[in-house]
Structures are given as C-alpha cells and as structure tokens.
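Subject: Structure for your review

Dear colleague,

Please find below the structure I am handing over to you. My notes on its salt bridges follow.

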Amino acid sequence: MDAREMKIKAAAAALAHVEHGMRLGIGTGSTAEEFVRLLAEKVADGFKVEGVPTSERTARLCVELGVPLKSLDELPELDLTIDGADELDAGLRLIKGGGGALLREKIVAATSARMIVIADESKLVETLGAFALPIEVNMFGLVSTRIAIEKTAAKLGLTGGLTLRQSGDGDFTTDGGHYIIDASFGRIPDAEALSSALNAIPGVVEHGLFLNMAALAIIAGPAGARELRATR
C-alpha cells in the first residue's frame with residue numbers, strides 16, 4: 001500500500017463518522033483532499049452536508065466536486081471537523097500548518113463539537129517537533145517578533161533555526177495575509193508550555209500546536225486503518 005492509498009483508507013474510515021445533515025469543518029492538505037473526494041461521491045448520491053472549508057484551496061476543490069459550502073459566519077457552530085496533521089503523538093497533540101492554513105484550521109476546529117484527525121502512520125511520533133512548527137506572524141514588526149520567538153524558545157531550552165517560509169520567488173503569505181515562520185526545534189518536550197509562551201507574543205497570530213482539540217485520530221498503515229484515542 002503506497003502513501004496515497006493509506007491516506008484514502010484513513011479518509012474512508014473518517015467518512016463513516018459523518019452523518020446525514022451534519023455541519024462539517026473540512027480540512028486542508030493531501031489527506032483532507034482525499035476525504036473531500038470521497039465525500040463528494042456520497043453527496044452526488046444524495047447525502048446532505050454543509051461544509052466550512054479551512055482554506056481557499058479546500059474551497060476550490062469542494063466547489064469543483066460539488067460539495068456544498070457555507071461560510072463560518074453562516075455556520076458559526078459545527079458538528080464535526082475532519083482534518084489532517086503533520087505530526088501527532090499518543091495524546092493526540094498535533095502539529096499542523098504545513099500547508100499554511102493553520103489559523104483557519106484552528107478557528108474551525110475550535111467551533112466544532114468534535115474533531116477527527118486523519119493521517120498515515122508516518123505522522124505518528126513519540127514526541128512532537130521533528131516536523132518544523134509553523135508560526136503564523138503579522139507582517140508588521142516581523143524582525144521583532146522573530147527575536148521574541150527566539151528568546152521564548154531559549155527560555156524553554158529549545159534550539160533550532162527559524163525560517164521565514166518562501167513560495168516561488170517571494171515570501172509565502174497565508175489566506176489571512178500573514179507570514180509563516182517555520183521553527184525547527186527538533187523536539188518539543190512540553191508542548192503546552194510552548195503554546196502558552198507563543199500565545200503571549202503580540203506579533204504571533206497563531207501557531208501550529210493543536211492541543212486538546214482532537215477527540216479521535218484515524219491512522220492508516222499497510223494493514224489498514226485504526227482508531228487512536230487520546231492518552232493524557
């Protein structure tokens with residue numbers, strides 16, 4: 001089973017949790033896109049959902065495939081969000097934002113009664129941090145914000161490079177008009193402390209640590225998909 005087949009397995013297992021008539025948060029990324037494709041097939045057969053996309057990219061795919069969409073203002077409370085992750089641990093702590101949609105992803109997840117994460121088994125780690133942590137920052141005061149992130153990390157014993165994300169010939173810009181700094185800490189032993197510290201920096205708009213948000217993870221491997229619930 002190749003990587004895409006595992007993503008499809010995870011997406012199919014997650015789709016079984018989606019009920020007729022649900023208000024659904026729809027995530028961003030390659031695994032979430034497989035979920036959208038499977039969801040679209042059910043919608044074409046008469047299955048009713050209303051979706052809120054977490055990125056312009058996801059919105060375009062949903063429109064293309066016929067999945068009905070609403071804005072979050074139209075559906076400010078959601079029943080379920082299905083989204084991927086760049087990393088997750090046994091406590092269902094996540095790193096998200098590799099695709100640059102972390103702010104909208106976190107807003108949508110926070111408005112949902114339940115969040116299910118779908119991923120292939122390569123994303124499951126013992127300790128978060130091998131994947132660089134995306135930190136969404138305001139364009140104003142970028143250098144000052146970067147220095148503040150460095151100082152905050154040092155206080156927590158974290159080292160590693162901070163890289164301003166690039167796209168093509170220029171700086172990557174999120175759907176919300178912000179920059180992303182990717183922090184290569186290597187290992188984050190206390191994700192809760194780092195989350196709180198980053199939230200206290202005024203120039204940080206949001207970060208990719210999703211803590212205490214996912215109720216269930218569906219992990220796909222060569223043997224199929226399995227469910228993982230948080231052990232905290």
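Lys 106 has a relative accessibility of 12% and therefore counts as buried. The model is a predicted one. The side chain of Lys 106 meets that of Glu 206 in a salt bridge, with an N to O distance of 3.0 Å. Because Glu 206 belongs to strand S12 (residues 204–207) and Lys 106 to helix H4, this pair ties together parts that are 100 residues apart in sequence. Glu 206 is likewise buried, its relative accessible area being 16%.

A second pair is formed by Asp 83 and Lys 96, whose closest N and O atoms are 3.0 Å apart. Asp 83 is buried at 1% relative accessibility, and Lys 96 is buried with a relative accessible area of 2%.

I would also draw your attention to Arg 57 and Glu 33, which form a salt bridge with their closest N and O atoms 2.5 Å apart. Arg 57 lies in helix H3 (residues 56–65) and Glu 33 in helix H2 (residues 30–44), so the pair ties together parts that are 24 residues apart in sequence. Here Glu 33 is buried, at 13% relative accessible area, while Arg 57 is partly exposed, at 45%.

Finally, a network of salt bridges links Arg 4, Glu 34 and Arg 37. The count for the model comes to 13 salt bridges.

With kind regards

Notes
Residues numbered from 1 in each chain as written. Predicted model: local features only at pLDDT ≥ 70, side-chain atom pairs only at ≥ 80, totals over all residues. Heavy atoms only, no water. Salt bridge = Lys/Arg side-chain N within 4 Å of Asp/Glu carboxyl O. Helix = DSSP H or I, 4+ residues; strand = E, 2+ residues; numbered from the N terminus. Buried < 20%, exposed > 50% of the residue type's maximum accessible area, 1.4 Å probe, protein only.
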